[in-house]
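Please look through the sequence and the model shown below before reading on. The report that follows takes up a few places in turn and then turns to the whole.

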Amino acid sequence: MKKYIRLLNTMIGSAIGVFIGHVAFHYFHYKTYPGFYQIQSAPWYTSSIIYGAVTIAIILILTILKLFLIRNSEK
């Protein structure tokens with residue numbers, strides 16, 4: 001059971017890392033090429049909001065699965 005819990009912790013950490021990397025990349029791309037984002041109707045951080053919502057959903061699902069595994073391993 002500890003192997004699965006460690007895997008879920010790794011997946012949660014990876015999801016957070018991907019989100020941070022995505023936001024950092026888009027921020028620095030925006031600072032380097034501001035003209036590229038001026039022609040778009042949406043602000044530069046719109047995709048980061050969507051990635052954030054997906055990341056939160058993934059973390060919630062994995063946390064629920066982790067709690068389920070912990071609860072069942074105690075029995």
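M11 lies in helix α1, which covers residues 2–32; helices here are DSSP runs (H or I, at least four residues), strands are runs of E with at least two, and both are numbered from the N terminus. This is a predicted model, in which local features need pLDDT of at least 70 and side-chain atom pairs count only at pLDDT 80 or more, whereas totals for chains, interfaces and linings use all residues. Residues are numbered from 1 along each chain as its sequence is written, and side-chain values use heavy atoms, with hydrogens and water left out.

With a relative accessible area of 38%, M11 is partly exposed, a class that lies between buried (under 20%) and exposed (over 50%), using a 1.4 Å probe and protein chains only. Together with M1, Y4 and L7, M11 makes a nonpolar surface patch of about 410 Å². Patches are made of residues with over 30% relative accessible area and no salt bridge, where nonpolar side chains (Val, Leu, Ile, Met, Phe, Trp, Tyr) are joined within 5 Å and like charges within 9 Å; a salt bridge is a side-chain nitrogen of Lys or Arg within 4 Å of a carboxyl oxygen of Asp or Glu.

## Aromatic rings

How many aromatic pairs does a search of the whole structure find? The search finds six, where rings of Phe, Tyr and Trp (its six-membered ring) pair if their centres lie within 6.5 Å, and planes under 30 degrees apart count as stacked, over 60 as edge-to-face and the rest as tilted. The ring centres of Y27 and F28 are 5.5 Å apart and their planes stand at 65 degrees, so this pair is edge-to-face. W44 and Y45 also form an edge-to-face pair, with 5.7 Å from centre to centre and 90 degrees between the planes.

Y27, F28, Y30, F36, Y37, W44 and Y45 form one aromatic cluster. Within this group, F28 is exposed at 54% relative accessible area, while Y27 is partly exposed at 36% and Y45 is partly exposed at 41%.

## Two buried residues

H26, which is found in helix α1, counts as buried at 16% relative accessibility. Leaving aside neighbours within four places in sequence, H26 is in contact (heavy atoms within 4.5 Å) with Y37, W44 and S47.

S48 belongs to helix α3, residues 46–73, and also counts as buried, with a relative accessibility of 7%. When neighbours within four places in sequence are left aside, the contacts of S48 are F19, H22 and V23.

## The whole protein

The protein has three helices and zero strands, and from the N terminus on its elements run α-α-α. Its radius of gyration is 17 Å, well over the 11 Å that the globule rule gives for 75 residues, so the protein is more spread out than a compact globule; the radius is taken over C-alpha atoms, and the rule is 2.2 Å times the number of residues to the power 0.38. Taken along the principal axes, the C-alpha atoms fill a box of roughly 60 × 20 × 10 Å.

P34 in helix α2 (residues 34–38) gives one example of a separation in space, as P34 and I64 are 30 residues apart in sequence and 40 Å apart from C-alpha to C-alpha. Of the 75 residues, 17% are buried. Among contacts between residues at least 6 apart in sequence, 74% join residues at least 24 apart.

How values were computed: Areas by Shrake-Rupley, 256 points an atom, 1.4 Å probe, with all protein chains shown as cover.
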